[in-house]
Amino acid sequence: MSRSSRKKDRTPPEVPIFSDRLMQVLETMIKGEAPNAGHFCGYCYTPIDRARMHCPHCVKAVADYPPVVKVPSDVAEMFRKVRRRESLVVNSFAQFGIMLGVMTFIVVFYFLFLNDAAIWWYVLDVVLLFVLSPVLAGLIGGYLGDEYAYRFARRKLADEWAAFDAEREEQRMAKVTSP
Ligand SMILES: [Zn+2]
């Protein structure tokens, strides 16, 4: 039920739990520019200062969620998927833009053919194809695609984080209740 109500929500699904700082860290880790090592919040994995008693991002107490020295591979994988999904969507939109350019070319060509147009019009049509396609790819991919990709990837991330969090909480509870 909560799932369907969330789908109706038009605002971009934010994942407050993934902090910008964590995103930056994961970005450099995935590029291989930084090792997966440090001092991270035990709940949201935002890098935190050793002196802190609470995470500055999720405000969980360090006592409740002991900091960890590395980001779990599941979390790093979630981030990798965000980037993969984003580029997949942007590329698909860009390809659609190219297709639109090609279709315009065909329609114009057909029109010229019907009207027995001079050869120069055909040359112009070809020029149009080469100019229009990349422009449409850039506009549709970079503008519409980018916006949609962000929402899509974030929505998926929110689902994955919820599943990850539920499982983790279950393990935590099991540990707490067992002697
Ligand atoms: Zn935190």
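This is a predicted model: local features need pLDDT of at least 70, side-chain atom pairs count only at pLDDT 80 or more; totals for chains, interfaces and linings use all residues.
Which residues are exposed on the other side of helix H2?

Residues are numbered from 1 along each chain as its sequence is written.

Let me begin with the overall composition. The chain contains four helices and zero strands, in the order α-α-α-α along the sequence. Helices (H or I, at least four residues) and strands (E, at least two) are DSSP runs, numbered from the N terminus. Of the 179 residues in the chain, 18% are buried. Here a residue is buried if 20 or more other C-beta atoms lie within 10 Å of its own, exposed if 12 or fewer, and partly exposed in between, with C-beta atoms placed from the backbone.

I turn to H2, which spans residues 20-30. Its buried residues are Leu-22, Val-25 and Leu-26. Viewed down the axis of H2, these buried residues fall within an arc of 95°, so they line one face of the helix; the arc is that of the directions from the helix axis to the C-beta atoms. To return to the opening question, Asp-20, Gln-24 and Thr-28 are exposed on the other side of H2. The buried residues of H2 pack against helix H3 (73-114). Just after H2, Gly-32 adopts a positive phi of about 80°.

Next, the pairing of H3 with H4. Two packed helices are described by the angle between their axes and the distance between the axes. The axes of H3 and H4 (residues 119-177) come within 5 Å and cross at roughly 155°. That makes H3 roughly antiparallel to H4, a label for angles over 145 degrees. Axes are lines fitted to C-alpha atoms, for helices over the stretch in contact, and angles run from 0 to 180 degrees between N-to-C directions. By class, the contact of H3 with H4 has 32 nonpolar, seven polar and seven charged residues. Nonpolar covers Ala, Val, Leu, Ile, Met, Phe, Trp, Tyr, Cys and Pro, charged covers Asp, Glu, Lys and Arg, and the others, Gly among them, count as polar.

Lys-81 counts as partly exposed because 14 C-beta neighbours lie inside 10 Å. Its C-alpha atom is separated by 9.0 Å from that of Lys-156, 75 residues apart along the chain.

Technical notes: Two residues are in contact if their C-beta atoms, placed from the backbone, lie within 7 Å. Angles under 35 degrees count as roughly parallel, over 145 as roughly antiparallel, 65 to 115 as roughly perpendicular and the rest as oblique.
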